[in-house]
Amino acid sequence: MEEMISGNAQVEKARVFEMAAELFGVLATPMRLRILSALCDKEKSVSQLLKEIETTQPNLSQHLNLLYRAGVLAKRKEGTQVIYRVQSEKAVTLCRTVCTQIAIEMDEPGSVPASERLSPRVSS
């Protein structure tokens, strides 16, 4: 993995890994992945998201705020409603790629050799 990072400074390499780990940490809960999935195609209000995602309003707001503070989502006010949208298309692409691959592995476990699986827990 270290070969993927150009430059000689160990500090810069360490910072790259820290920032990558921070992003993976932000994306590391199923609830946040559901939120991103719900916002992939268009912006939505908190009430619209609550209709799609089974959770409480305080829990949803907590996850939305974390995604917003991390720069993954953007928000705006429309009257009393807060409308969220995807800010980081790259983060969504990363999540979509990983989730699609895992879905393929789950649906057709024999189609992906064990050495190429993203999820080692999916077995054929």
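Strand 1 (44-45) and strand 3 (residues 81-86) are joined in the antiparallel sense over two bridges; helices (H or I, at least four residues) and strands (E, at least two) are DSSP runs numbered from the N terminus, and two strands pair if DSSP finds at least two bridges between them. Within this pairing, Ser45 has Ile83 of strand 3 as its bridge partner. The model is a predicted one, in which local features need pLDDT of at least 70 and side-chain atom pairs count only at pLDDT 80 or more, while totals for chains, interfaces and linings use all residues. Residues are numbered from 1 along each chain as its sequence is written, and side-chain values use heavy atoms, with hydrogens and water left out.

The open sheet holds three strands in the order 1-3-2, with antiparallel pairing. Strand 1 and strand 2 (73-78) are at the edges with a single partner strand each, so one side of each lacks a neighbour in the sheet. Helix 4 (residues 57-69) packs on this sheet and touches strand 2 and strand 3, contact meaning heavy atoms within 4.5 Å. The direction of helix 4 makes about 115 degrees with that of strand 2; axes are lines fitted to C-alpha atoms, for helices over the stretch in contact, and angles run from 0 to 180 degrees between N-to-C directions.

Helix 4 also meets helix 2 (residues 30-39): their axes come within 10 Å and cross at roughly 75 degrees. The two helices are therefore roughly perpendicular to each other, a term for angles of 65 to 115 degrees.

Technical notes. Angles under 35 degrees count as roughly parallel, over 145 as roughly antiparallel, 65 to 115 as roughly perpendicular and the rest as oblique.
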